[in-house]
Each structure stands twice: as structure tokens, then as C-alpha cells.
Amino acid sequence: MATVEPTISAPSQATPPPSRGSQISMGMLSMMFFIGSEVMLFGSLFAAYFFVRFNVADQWPPLNSAGEPFELPKIITGVNTAILVASSFTIHWGEHRLKHYGDRKGLERGLLVTMFLGGTFLLIQVNEYIHLGFTPQDQAFGSTFYTLTGFHGLHVFVGLTLLTLCYIRVKRAHDFTPQWSTPLQASSLYWHFVDVVWVLLYILVYLV
Amino acid sequence: MATHAPTHSDPSGHAHHVDPRPLSYWWKRATLWSAGSFLFSFGLIWFMRTIFGMDPLWVSQVYVTAAASLTSIGFLIGIGCFDWWWQWMTGRRVDGEDHSMHGAHSWRDYFKVNTDHKVIGVQYMAIVFTFFVLAGLLAEAVRAELFTAGQTLGDGETYNGLFSVHATVMIFLFVIPAFAGLANYILPIMIGAKDMAFPRLNALSVWMLIPGGLMMILSPVFGAFSAGWTAYVPLANQGGTGTTLFEVGVQVVGASSIATAINFLVTIFTMRAPGMTVWRMPLLVWANATTSALVVFGTPFIAGSQFMTLFDRVIGTQFFDPAGGGDVIAYQHIFWFYSHPAVYIMMLPGFGIISEIIATFSRKPIFGYRALAFSTVAIAVLGFGVWAHHMFVSGMAAWLRVPMMITTIIIAIPTGVKIFSWLGTMWGGKIHLKTPMLYAMGFIGVFVIGGLSGVMLAVIPVDIQVTDTYFVVAHIHYVFVGGSVFTIFAGVHYWFPKMTGKMYNETLGMISFWIIFIGFNATFMPMHWLGIQGMPRRVSAYDERFEAVNQFIGIASIVMTLGFLVFFYNMITSWRSGPKAPWNPWRGRTLEWLVSSPPSLFNFEATPQVVGGPYQYGIPGARHAVVFAPEEIGGELTETEKRTIVVVADETVASAALIDEVRHRASEGLWRFTFAVANEDGDSRAADRRLQVALSVLAESGIDASGTVVEGDPFAAVAAVSAEEDVHEVMLATYPTGMSAWMADDMVDRLRKSTGLGVTRVVVRPEDARAPLSLPGVSQVAVVADEGLGTAGLVAALRERADRRPIGVILLSPMNLTGPGWTDEAEEARSAAFDRVRAAIDGLQAVGVQSRGEVLDGDAAAAATIAVTGHRADEILVIAARGGRLESDEALAAVRAAAGTVPVERIVVDAEAPASPSGS
Amino acid sequence: MLRSRHTIPLIILTIVIGGLTAATAVLIDWIPIQAAEQAERVDSLMWFVVWASVAIFTLVTVVLIYSAWRFRAAPGDESDGPPVHGNTKLEIVWTLVPTVLLAVMAVWAYLVLSDNEALAQDRLVVDVTAEQFAWSFAYPGGEVGSGDLRVPVGRQVELRMRSKDVIHNFYVVEFRVKQDVVPGITTRVVFDPNRVGTYQVICAELCGVGHAIMRTRVVVMEPDDYEDWLADAETQVADQASPAPAPGTTEPAQP
């Protein structure tokens, strides 16, 4: 080969490379923005909570109609929190099995366990609601508590729905291609978000 | 009335189905679903209240809330927004490329769910302007009441409802969705995309405006919400059904807004045409990206505030009830945390539109492009930190006021930078005072006044004096009409030709502008005085001394209304019967001007390539983008000439892998191909034969390709072609790394460096390079030969044929086995036959004829049958060795009989002379 | 940037537009009567902001109108303007100058605010109750109440305001004071009346059907007149609590 290559003149407008943005997964990006808006929604509810607690209330928890401070079931909710956090790990495990070992059965198992844990979380929450001893109408304390936890419960329900749909599609395996992973990844991201919100909620509302 | 130019070849290759169902089907469905959901909601609440033993059973607002929410969802289901997703979710087979709901072929398609962003854009504009008229009428009713100092029409409650609904509809159903609609139409084209990222979600967004908007505009029927669009508690809690409809309506419209914003963000991030870096994006794209981020992160706060106030009112929670430990002012904090960014949501897209218009009509690049881009982002970010400037007198924590004043004052700086940059763009340019430019200039003048009164309001002591008075009414209308309405109107005029394919009437445009401009200033300028003098806002009765000014304002507002009427008249008559619009009436440079007016179904024939900034006026030869456009569009800024890719290959030139790659690139519509076979140490005639095969196949596919054989290495090949024509990209076909001499020499990188062009490498496996192409354009020749294989005669015969036309050869060697095929003799015969076939393939390869071979157990006739049925041969050549089995006439007859209509020829060759591998 | 052929027309335009704008500011009677010390401070600050606004508005409008006239493309001229992308020095100037102006405004505003809200030791504290759709005022001692606000001139007044129902707003134009009255909390406002007279008290926060007519008045009186009025009012209250004995009865009622 010649050691000196001729320089060939060419128009300066060579084919541009595809933009780096086009390499991002559209489904994941949209889920991230959606979660951003959900974070802000919970932000507004937390804002109301902080106003009520730090701007108005003389003591926290405030006194209920019987003159006693409101009580929250910290222990059982702590266990429930652990259940929900565990469910994040199980779905991550399921995704891991699929991605690195091609183990579809592992994904199915992970999804099932996650859904089971999530469902348990919801049932325990509903049970707590029945036994709390105060209603949303019981002062701003009750209002903020029920709205925060209630909206969270709704989001858990939506998350469970997403996971169920994922599970159905895994079983039917219509289009088990690499592109398929986006709905799964998006749903699991949503689930993790729901989990993180709960941990924050538990710390800020129940514990602190 | 079709709204897109006829599609040329649909490059995606999908047949364009049309939705077979008539319009009435969809609306019947929508009505049934709406009515059903309405009834269902009542039933559901009654049922739940019964089982939970809630007392009383009938709490009207709970039912109203449920009915409003569920009926909205029912309507959306009925009109078809969720159909495709439902089918996908329930596991039915759906076609992701089903375009039956895409594009408008008649006016009916605008009244259905449609996934085409252009249709959705028009739907948005029709909806928002309807609400604009309704909200404007409400404003005129307000002015009618204020014509006299006392209470005249109706009662105070009615009046409070008038301005509340006016503001709400203008904000949520005009300004915000108008910008969404304009951007919906224009932005995907502007970034070179075929549609938005999520077209079905896009359709859902626009249809959500119907139930949301109806709730808000119909609320007067039920007792309008009358606490202002700000709906402060506790006053809002005294409201009834109308207030509930407002609170639910905000959620629906807010959700629509958030969905659209996510759509825009993903579209802008991931679907820009190749070469469109963020610094080559038009400023409208910057503006919409920033605004969409504001919507995504801000709107949930108003959703939250309306949830809480709804719960307070309907189910008795105590978020904002001081008796229950609630915080009244918290509502205002949460509300304004969105509602201040909301005003930037209503302004930033307008700023983007103005940037486009001023550059185009001044024929100059944008002055300070980066400053404008950064200031857009700065305004959005800072905009989250100023909300409490609406609350200086609210009784909130006193320490918060001064920091909020400082952040508010800081926002004035990027805003000022923008104004000055636009002036800088105009200065020294070649200004064309068309209607869009008039609105743009009117915007600058009016918005500066609004901005300056805003600075006054930022200064706390002055704000204390004039807040909650007509000074604020003046300020907000100066920024809304100046910042939003004028920019919307500017954009509508600017893109009217693109969207409708017709030109609007320029004279009427100018007349409408001036009447609106004069009427607007006459209406709202005196309000500054009223405010400073102490006329509070939101009042139906006021001091006698203000009556004359109010009457003047009332008359001026009628003048402004007349201007709007001229505008509507212009729009409607021009759309119906205006002159046909060219593709680029304003000689703009951004991508939407490089397609037809209106654009074709999927906007672009092939993905455009962005090669420069969008505002390079004044630089001869500068290009923003290369767009392959059909002849009838043409023009100085589009390319109708295809650009050339030089394809460099050696023995790989006639391989399926390379042909596939060339076809794939050709489908983009932009390219033509010049092949340069770099013949380094082979036979150039052989190389040429291969080249002809490749060219023939491509010609058969309608691809523009030509080529030569060049003696030398790939550099010589590229140089030879570049000497003759402009080359834009190099495609290099090589064997896999490890087998390729070129790759061992680092050919790709060296070519890149020396040509400065993009180099694509196509990997061709050796077997693929030797296999004959069985594609249209290549004549398939089946050779039936026995001992004739491996002779020079066979090679010569096929070489001659290859010189006449491109051929691909299949060698069939019939062994004429009479006994079982697994005996030792049979094995020997077979392996000998294989050797001969291999030798023949090598010999043919050396002369540039690609072939493959098969050894058959049967006889020549069987071989002929296989040739015809299995290999679809175009002709059969019987190469008979002298004295061999195939020389006999019976054999020939048998072959002819088996071949049917396929021509058969026999050539007799000398069996003794072996084929020389280096035959020419 | 400014060639000599632009300078003269720009100056002329500046004078015309600046003059018109300044005339609008000066010749129209914008400013209400000043009846409190707060008003004077606010008005000077406002005039500074107004003049800065006049300057900026004039500058923008002059350049806008001049450009539209001077750089208008001749009919049939399809050419482009010069490819100027920016001018860093100019951009720095037009970022810094407004920053300086705004900084001055911010500092001045802070000073006016602190002065306006500085509490005097000997202030008169009046309790205000707002409801849909009336005002009531209660004076120190807790006995005297009135439907309109009466204060002596020359002495600071602090209002402590509560609402019975929805948010209202106490607004007196001539004092340049305004403050929301919010249920559940007590909001405060101070003013130093320095002009005798009667001024409107306006509710400036939408509070329902009667919002437009929820008005009363504040009467600023000479100190002596104020004392007289207060004494009369206290007497009236005492009379109502224990009515004057009927003629003929000499003994006060025994418990």
C-alpha cells in the first residue's frame, strides 16, 4: 500500500451522524418524565402536609376529639414497608434473570412474587385504614394522612396493573424480542418509584 | 377536502388503509359510552354509599364529581381514543404500523380520532378558537356590566361567574392548548420527523379538551364557579356544582397538557433529524422543550391543589379549614407554585414563534441565538422560584416577601435580553412588513409595557398599593394579549399557508392587526390608571368617578372585538377560497418550509439531513438541511438531485449483502450510487462482469447506479470517482476482519481521514461473495454437465454468456446413479463429481462469473427439472464432454422435455483439457 | 453600530416618543392623594420605577419603529440581510444595565418596606373583623366598636385583622396599604395617617356576591376630635350596658 494517501476533496457536508438523542429508548424516557410529574403531584400533597404540620399545628401529632394525640401504627406499617421494599428487589431479580440468563421463567416468577407482595401491601394498608380510629375528616391531620397514603395506594394499584399486563405478555410471549423489554423496564421503574415514595412517606409521616 | 398533498411512493411500504367506519359510528359510540358512564357513576356512588352506610345517601357534589370524571372517561373510550391500547393490553394482535386512523382525506376525519399530528394540530386550533370566542363573549358581558357604575345586569353572583369562567377558559382552553396545537402541527416537521413520538397519546390529548372544556364552559348553567379562576379557599368552598365542574375540569385539561408535554419532550429528544444538534434546533423547538418541562413538573401542583380543595368541599376534609388545623394560605402557595410557571407556559412558546418570524421577515440570523436559548431555559428554571409574588399581601410569612421580590426582579433580566436580541435581529436587516411581522412587532411593543408593569408589581411597596386592583388586570392583559394572543395570531398567519395550502388575504390581515392593536391598547391602557386610583378588581359596581373611563374601555373593547371578527373572516374565507400557497411563501429556511403546503401524509419522502444552523440568512450557499423533495416542490433550498455514494468493492461487489445494503440506503430516497471496483491484482474483465451483475440487479430495482472498474486500491477507486462527480459518502465492502486484506490495512479509518467523508463498512462473507445472485436482473443459467465440468470449454462458454448479459450460474452434475447411492462406488463417483464442481466454480470465479453447484443422483432430465422448478433457471446449458453421456441426442431431448418452456442449448467441449484457473 | 446616518433620526424619534411617554406620565393625574407617611415613600419609589420604565419603553419603541422604517426591504428586494449573529459587548451591556437598574429598585424597595412597616411604640391598635360583607372595628379597651374606622392624625395605627368566613382585604388607596384578612390567623397592617379627611376602606379580595359593595370608610381626625369621639362612644357603651336610671329612682340597683 502507498504510504502517502491522496487527499480527496469532498463537499464539507458529509452525512451527519444520527443524533445521540435518537439512541435513547423512547418508552423509558417518557416513563421518566411521567414519573417526574407524579413526583411533583406527591410534592404538592407533601407541601400541604408540611404547611399543616409546621405552620399551623402547635404539636404533632395533634390532639384528637378525645384529647389524645393521634396514633399511627408504626410497627405494622414498618413491616409493610419492608414487604414493599422486598417487592422492588424481586422484580429487579426477575429482570436480571431475563437480561443476563434469558430466563423467561425466572422473570415470570419474579413478577408473580412482586405482584403478590404488592397485593399484600395493599391489603394490609386497607386493613390499617379500617382500624386506624380516625377518618379523613378528622382535622387536617386525618386529611393529609389519608390523602397521602390513599394516593400512594392508588399508585400501587396502577403499578400492580402494569405488572399484571407485563405478566400476561410474558406468558403469551407474542413478541418476545429485545424491544419488548421497554414495557417491562418502564413498568419496573414505575414500581421502584412507588416504592421510593412509600419509604419517604413512611419516614416523614409515620416516623419523624 | 384532503389536507395533505398526495403521497408519492410511501417509503415505509405500508399500504394505507382507511378507516371503514363512518363518522356516525364513532359519535354514536361516544354518546352511548358517555350516557352509560354518566348513569353508571350515579349507580356506583349510590351503591357504595349504601354498602358503607354513609349518610345522607344523596350528597350532590359527590355525584357531580363522579359523574363528571367518569363521563369524561366514557366519552374518550367511546370516541375511540383507547381502542388500540385496549386491544394491545388484552393480548390481541395489533399492527403497530396500522395507519388507518392517520391522515385526513375529508372533513369527516377531523371529527374523529386521528393520529396524524397535522390533523390533531388543526383540531386543536379549531377547538381553541371556539373557546376563544366563547370566553371573549364572556368578557364582553363583563364590560357590559361595567358600563355603569352600579349593579345592572343580573346579580353579583352571575358577574363573579362571568369573569371566573372567562379567565379559566382563556388560560386552559385557549392559550395553553393553542400553543400545543400550533407546535403539534409544525414542530415534528421542523425537526425532520414523520410524526410525534406517541401519535395515539397525541390524539387522546386533544380529545380530552372536549369533556374538560365542556365542563368549564357549561358551568354557568349549573351555577357558575364564581371564586375567580384562582378559586381561593375558603370562598371556593361556598360554591356548588359549577365549582366542582371547574375542579374536575382542571384535572382533565391538566392531564391533557401533561400528556402532550411528555410527547413533545420525547419527540424533541429522540426524533430530531440526523445532524440537528441542540445548537442547530430552531428556537421554537427550544421554546417547546422548555415549556413542556414546565408543564410536566408544574401542572401536578394545580392538580394537587384542586384535589385538596375538592375533597375539602365534597367530603369534608380539612386541608384548608382553620377550624380543623388546616392552613388557608397553603392553598395559595400550592396553587401559585404551578400558576406562576403557567404564565411562562403561556409565553415561552410565543417567544419561540416570534424568534422564527422575526428572523424570516428580517432576512437575518437571530441575534444572540445562544443567549435566547439560555434565557428561555433561565426563565423556566427561575420561574419556579417566584410564585409568592402573587401573595405579597396574602398574610403569608413576612420573611418570604423580599426573597420573592429578588427572584422576580431577576427574571426580568433574561426577558430583557430576549427583547433586545429580537431588536438586534431586526436592526440592519431587510424587513418585510407582512401580517406575521406586524403581530411580532406589536408583541414587542405591548409585551414591554406588560413587562414593565410587572416590574412595578415586583416591587413590594408598589405591589401593596396596586395588587388586587385594575392595575393587575391591565398588567395581565398586556402580557397575555401581547405575549400570548399576538404571538398565537402571528403564528397562525405565518403557518397558515403551510397548514391549509392557501394564502390568507394580506390586506385583511393588516387591517385586523391594526384594529386589534388600537382597540387593545385603548381598552387596557386606561386600566393602569383605574388601578392606581383605587378601583379594585372583580367588582361589578365601582365609584361613580370611574364611570367615564369604564365606558371608554367598554367601547374600545368593541373595537378590539371588531378586529377579531375581521381576523376570523379572513381565516375562514381564505381557507375556503384563498389562492393556492407555494411551498415556501416566506422563503424561510427551517424544515417545515422545505415540504409541500400542506405537507404529504408522512411529511418527508426521506429523512432530511441537517447540515447547518436554521437562520443562516445572508451566507451564500449556506444550508440548514438537505431534503429530497419531489420535482413539483423544487426550489433553491431543497435538493431534487440525489447525492452520490461511492461503493468500493472487489470480489464482493455482486454479493447479496452489499446489494441489500445499497437497497436499504436507496429506500431513503436521497442517494444514487457509483460503484468503483478496486481491482488490485485480478482480472479486470472478471471484475467488470461481476460489476455488471450488480448494476443489473440494481437497475431492475429502479435504483440509480453506475460503475467502473478501477485498477488500484480503494483510494484510487474513490479518487477516480471523485474526479468525475461530487461524492458524499463511501461504502466499503470487505470480507470479515481476519480474512480481509483491506481491513488488515485499516482501510476504513484511512479512507475516512483522507476523504473526510463518512465511511460505511459492509461485511460480506466469502461464501456470500461467490454465490450467484438470484435476483431480477440476473439471468439464471443452469448448467447440466458431468465430465464437462472442470473443462476450459465450460468456462469459456459461460464467460461468453456473461459478456452478453449478467448471469448467475448453478452447476448441476447428474451422476446417473442406477444403484443405491450409499455404495463405495457411488461415494467415489460423488466425490469426484464434487471435485469437478469445485474446480468449475473456481474457474468461473476467476473470470468473474459467480456460481454454485450441486451433485445429483439422478439423470440429466432430473437435473433439468430441478433447474426449472427449484432454481427457476432462465436457460439451461448442457455442457457435454465429447464422447460423454450427455452428448447423445436422447439426453438432449430428455433435458428439453423436462425443461418445458425454458430454452436448452448444448455445447460440446473437449474433456481432456482441464480448465485453467487463470483463463481470461 | 451607530453610524452617523442613524444618529439624527434616532435622536428625533427618541425625543418624540420619549416626550409623548413622559407627557403621559406627567400630565395625567395618576397619583391619588397622599394621606399617610407610607404613601409618600411608596410614591417616590414608584416614580423612580416609572421613569426607568419610560426610558426602557422609549428605547425599545424607538428602535422598533426606526428599524421597521429604515430597514424595510424595497418592493421586489429578495436579498438577505448581513449575517450578523451577535455582538458580545452589546449583549453584556444590555444585560448589565438592566441588572443595575433592577438592583437599585430592589434595594430601594427593601428600604421603603422596612420603613413603612416599622412599628412605633405609641401606636394605636385597633381590632378589625371582616365578614361577608361588612367591616367592624374594635378599639383599645374592648368596649368601643364601630362600623367605620376612626383614627387620630399623626399617630401610627396598627390593625389586627380577623375574618369570620372567607378571605377579605383591607385597602385604603390614600394610605397605600393593603392586607388580606384571612380566617384562622390574625393579619396585621400599619399606617401613619398624616392628613385629616375621610377615605374609603375597600375590600380588595373577592369574597362573594357582595364583594363590590363591601366598603366602609376611615375617618382621620384631629387628635382632640378623636378623643372626643372616643369618649362619646365609651359613654354610649356604658349607657347601653347599664341604662340610666329612670327619673324618680334615686338608688342604684342593689345586687
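Tutor: Let us begin with contact: two residues are in contact if their C-beta atoms, placed from the backbone, lie within 7 Å. Among contacts in chain C between residues at least 6 apart in sequence, 73% join residues at least 24 apart. The model is predicted, so local features need pLDDT of at least 70 and side-chain atom pairs count only at pLDDT 80 or more, while totals for chains, interfaces and linings use all residues. Residues are numbered from 1 along each chain as its sequence is written, and chains are lettered from A and ligands numbered from 1 in the order in which they are written.

Student: What makes chain C more spread out than a compact globule?

Tutor: The radius of gyration is taken over C-alpha atoms, and the globule rule is 2.2 Å times the number of residues to the power 0.38. For the 255 residues of chain C this rule gives 18 Å, whereas the radius of gyration is 28 Å, well over that value, so chain C is more spread out than a compact globule. Its C-alpha atoms fill a box of roughly 105 × 35 × 30 Å along the principal axes.

Student: Which secondary structure elements does chain C contain?

Tutor: Helices (H or I, at least four residues) and strands (E, at least two) are DSSP runs, numbered from the N terminus. On that basis chain C has 4 helices and 10 strands.

Student: Why are strand 4 and strand 7 of chain C placed at the edges of the sheet?

Tutor: Two strands pair if DSSP finds at least two bridges between them. The open sheet has 5 strands in the order 4-10-9-6-7, with mixed pairing. Strand 4 (149-152) and strand 7 (177-181) of chain C each have a single partner strand, so one side of each is left without a neighbour in the sheet.

Student: How do you know that strand 9 and strand 10 of chain C pair?

Tutor: DSSP must find at least two bridges, and strand 9 (residues 197-203) and strand 10 (residues 215-221) of chain C have 6 bridges in the antiparallel sense. In one of these, Thr198(C) is partnered by Val219(C) in strand 10. Helix 4 (residues 223-241) of chain C packs on the sheet, touching strand 4 and strand 10, and its direction makes about 135 degrees with that of strand 4. For such angles, axes are lines fitted to C-alpha atoms, for helices over the stretch in contact, and angles run from 0 to 180 degrees between N-to-C directions.

Student: Why is strand 3 of chain B called largely enclosed?

Tutor: A residue is buried if 20 or more other C-beta atoms lie within 10 Å of its own, exposed if 12 or fewer, and partly exposed in between, with C-beta atoms placed from the backbone. In strand 3 (residues 643-649) of chain B, 6 of the 7 residues are buried, so the strand is largely enclosed by the rest of the structure. Strand 3 pairs in the parallel sense with strand 4 (residues 671-679) of chain B over 7 bridges and with strand 6 (residues 729-734) of chain B over 4 bridges. Val646(B) has Thr674(B) as its bridge partner in strand 4 and Val730(B) in strand 6.

Student: How many residues of chain B and chain C form their contact?

Tutor: Chain B contributes 73 residues and chain C contributes 69. Helix 12 of chain B gives the most to the side of chain B that touches chain C, with 12 residues.
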